[in-house]
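This report goes through one protein model, from single residues to the chain as a whole. Please keep the sequence and the 3D view at hand while reading.

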Amino acid sequence: YVSSVYGTCLDITKEKLQKEKYTNGLKEQLRRNRRLISTTLDGYVLTAENGNIVEVNKSYADFIGYSEKELLNFNLKSLEATMSPLSIDKRNKEIEETERTKYETRHVCKSGELKFVEISLALVKIKGKPTMIAQFVRDITERKEHELRRSIYNNISQKLNTKVSVFEFCAFLEIELKKVMSITSFYIMLFDENNLASIFIN
């Protein structure tokens, strides 16, 4: 028969309350972050280290043309139009040291349209280990197109100040215009104080 029983009792109430407080604090922080992310005008994409999309906000979904649910089946590399998968992997390796970076690239929309984006990227660590990559995506298409048009105007202006034949200039002009539009032919009107000429380029 059992004549006596010995045991110890440790009060862990304080530790439990601290852990519960910490957990509740994390949950509240996550809720605040999600509210902020859901209302920001910039796109937000959270990916695993291999590029698989884990979370995305409505702004990015609207920008790229897919639904939020559809995007969860994507790897972000498949939406990249400028960088190769190898270059993306190399950049992700580099960010393990810097933990954050910013760069410009282009993404492919569902419609097939290519849009310029500026991406602010940060490494997400859990228990000190890199686990995910958070990316804020800003549409800079309008700004980049404006810069491109300005560059074309400058190139044409500089070409006009060089000694080239009319047909050499027309060939150069066609190359420059094709950077911003699809053309098959165009007219050029050349004139001075005494003469007016029309040239058709096919």
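Not counting residues up to four places away in sequence, Phe63 touches Cys109, Lys115, Val117 and Asp139; contact here means heavy atoms within 4.5 Å. Phe63 has its place in helix H2 (residues 58-64). Helices (H or I, at least four residues) and strands (E, at least two) are DSSP runs, numbered from the N terminus. With 15% relative accessibility, Phe63 counts as buried. Buried means under 20% relative accessible area, exposed over 50%, and partly exposed in between (1.4 Å probe, protein chains only). Phe63 and Arg138 lie 75 residues apart in sequence, and their C-alpha atoms are 9.5 Å apart in space.

The model is predicted: local features need pLDDT of at least 70, side-chain atom pairs count only at pLDDT 80 or more, and totals for chains, interfaces and linings use all residues. Residues are numbered from 1 along each chain as its sequence is written, and side-chain values use heavy atoms, with hydrogens and water left out.

**Salt bridges**

Side chains of opposite charge can pair when their charged atoms come close. A salt bridge is taken as a side-chain nitrogen of Lys or Arg within 4 Å of a carboxyl oxygen of Asp or Glu. The structure holds 8 salt bridges. Among them are those in the table.

| Pair | N to O distance |
|---|---|
| Arg138 and Asp42 | 2.8 Å |
| Arg143 and Glu104 | 2.6 Å |
| Arg143 and Glu147 | 3.4 Å |

Arg138 and Asp42 meet through their side chains in a salt bridge. This pair links distant parts of the chain, 96 residues apart: Arg138 is in strand E5 (residues 129-139), and Asp42 is in the loop between helix H1 (13-39) and strand E1 (43-48).

Arg143 takes part in a salt bridge with Glu104. Arg143 lies in helix H5 and Glu104 in strand E3 (residues 100-108), so the pair ties together parts that are 39 residues apart in sequence. Arg143 is partly exposed, with a relative accessible area of 37%, and Glu104 is partly exposed at 40%.

Arg143 also forms a salt bridge with Glu147. These two residues are 4 apart in helix H5 and are therefore separated by about one helical turn. Glu147 counts as partly exposed at 31% relative accessibility. Salt bridges that share partners join Glu104, Arg143, Lys144 and Glu147 into one network.

Helix H5 (residues 141-160) has 20 residues and reaches 29 Å from its first C-alpha to its last, close to the 28 Å expected at 1.5 Å a residue. The expected span is 1.5 Å times one less than the number of residues. Thr141, Ile152 and Ile156 are buried in H5. They cover an arc of only 45° around the axis, which puts them on the same side of H5; the arc is that of the directions from the helix axis to the C-beta atoms. The face of H5 turned away from its buried side carries the exposed residues Tyr153 and Gln158.

Glu176 is found in helix H6 (residues 166-177). Leaving aside neighbours within four places in sequence, Glu176 is in contact with Ile152, Asn155 and Ile156. Glu176 is buried, with a relative accessible area of 5%.

**The second largest pocket**

A pocket is an open set of points on a 1 Å grid over the protein atoms alone, where a 1.4 Å probe fits, with protein on both sides within 12 Å along at least five of seven lines; lining residues have an atom within 4 Å of a point. The second largest pocket holds about 240 Å³ of space. Of the 13 residues that line this pocket, the closest to its centre are Phe116, Glu145, Leu148, Lys179 and Val180. Strand E4 (114-126) and H5 are the elements that give two or more residues to the lining. H5 supplies the largest share of the lining, 6 residues.

**The chain as a whole**

The protein comes to 6 helices and 7 strands. From the N terminus on, the elements run α-β-β-α-α-α-β-β-β-α-α-β-β. Of the 202 residues, 28% count as buried. Among contacts with a separation of 6 or more, residues 24 or more positions apart account for 36%.

Notes
Grid points are joined across faces, edges and corners, and a volume is the space filled by probe spheres set on the points.
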